[in-house]
Amino acid sequence: MEKYKKSLKKNKLKITPKRVAIINYFLKNDKYFTPFDIWKYMKNNFKKIGLPTVYRNLAYFEKIGILTKIEGEENRFYYGICKEEKNIHHHHIVCISCHKVDDFGICNFEEIKNDIEKKTGFIITEHQFFLKGLCKNCKRR
């Protein structure tokens with residue numbers, strides 16, 4: 001939790017009980033959730049919290065690298081905790097069964113970047129991708 005609090009401070013965001021509760025929820029569950037899922041959880045713990053507040057905080061957290069946004073089923077967006085620092089190049093893998101999110105640092109994109117640029121005429125300035133599969137616990141079931 002301390003590294004996430006440092007990230008909030010570094011990005012000039014207050015460390016509020018609601019923000020801490022959202023981060024803790026992700027840390028405790030280690031899965032991805034919709035904004036509505038987070039809002040339902042938060043309503044049980046805070047008397048006054050609106051869905052716009054949840055969306056706003058999730059957007060802040062994504063922007064500063066605490067969360068990653070994942071496009072899931074039916075083109076809906078989900079969020080998962082990002083364990084790596086924002087400035088460390090990494091990608092995410094999600095379990096299609098239990099929705100666990102994990103980070104991995106393996107990336108050989110630079111090896112194919114030039115070929116893609118030659119074929120498309122684009123100059124690639126960044127890339128993102130995530131993988132889907134079954135985690136080791138779900139694979140055993």
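**Reading the model: a dialogue**

Guide: The secondary structure of the protein chain comes to six helices and five strands. Keep in mind that this is a predicted model.

Visitor: What percentage of the residues in the protein chain is buried?

Guide: Of the 141 residues, 37% are buried. A residue is called buried when its relative accessible area is under 20%.

Visitor: Which residues have the most contacts inside the largest nonpolar core?

Guide: They are F26, I38, I66 and L67, in a core of 22 residues. The elements that give two or more residues to this core are α1 (2-10), α2 (17-29), α3 (35-45), α4 (51-64) and β2. The largest share, five residues, comes from α2.

Visitor: Now the strands. How do I read their pairing?

Guide: Strands of a sheet pair through backbone hydrogen bonds, either parallel or antiparallel. Take β1 and β2 as a case: β1 covers residues 67-71 and pairs with β2 in the antiparallel sense over five bridges. Within this pair, K69 stands opposite Y79 of β2.

Visitor: How many residues lie between the strands in the hairpin of β1 and β2?

Guide: There are five, and E74 in this hairpin takes a positive phi near 55°.

Visitor: Which other residues have a positive phi although they are not glycine?

Guide: D30 is one of them, with a phi of about 50°; it lies in the loop between α2 and α3. H99 is another, with a phi of about 70°. The place of H99 is the loop between β3 and β4.

Visitor: Why does H99 count as partly exposed?

Guide: Because its relative accessible area is 26%, and partly exposed covers the range between the buried limit of 20% and the exposed limit of 50%.

Visitor: In what order do the three strands of the open sheet stand?

Guide: The order is β4-β3-β5, and the pairing is mixed. The edge strands are β4 (101-104) and β5, each of which pairs on one side only. From one strand to the next the twist averages 25°.

Visitor: Do β3 and β5 pair in the parallel or the antiparallel sense, and over how many bridges?

Guide: They pair in the parallel sense, over four bridges. I93 stands opposite L131 in β5.

Visitor: Which residues make the nonpolar surface patch of about 240 Å²?

Guide: I93, F129 and L131 make this patch. The third, F129, lies in the loop between α5 (109-120) and β5 (130-133). F129 counts as partly exposed because its relative accessibility is 42%.

Visitor: Where is H90 found, and is it buried or exposed?

Guide: H90 is found in the loop between β2 (77-81) and β3 (91-95). H90 is buried because its relative accessible area is 13%, and the cut-off for buried is under 20%.

Visitor: What distance separates the C-alpha atoms of H90 and Q128?

Guide: The distance is 8.8 Å, although H90 and Q128 are 38 residues apart along the chain.

Definitions and conventions
Residues numbered from 1 in each chain as written. Predicted model: local features only at pLDDT ≥ 70, side-chain atom pairs only at ≥ 80, totals over all residues. Heavy atoms only, no water. Buried < 20%, exposed > 50% of the residue type's maximum accessible area, 1.4 Å probe, protein only. Patch = residues over 30% accessible without salt bridge, like charges linked within 9 Å, V, L, I, M, F, W, Y side chains within 5 Å. Areas by Shrake-Rupley, 256 points an atom, 1.4 Å probe, with all protein chains shown as cover. Salt bridge = Lys/Arg side-chain N within 4 Å of Asp/Glu carboxyl O. Pairing = 2+ DSSP bridges. Axes fitted to C-alpha atoms, helices over the stretch in contact; angles between N-to-C directions. Core = buried A, V, L, I, M, F, W, Y, C linked by side-chain atoms within 4.5 Å.
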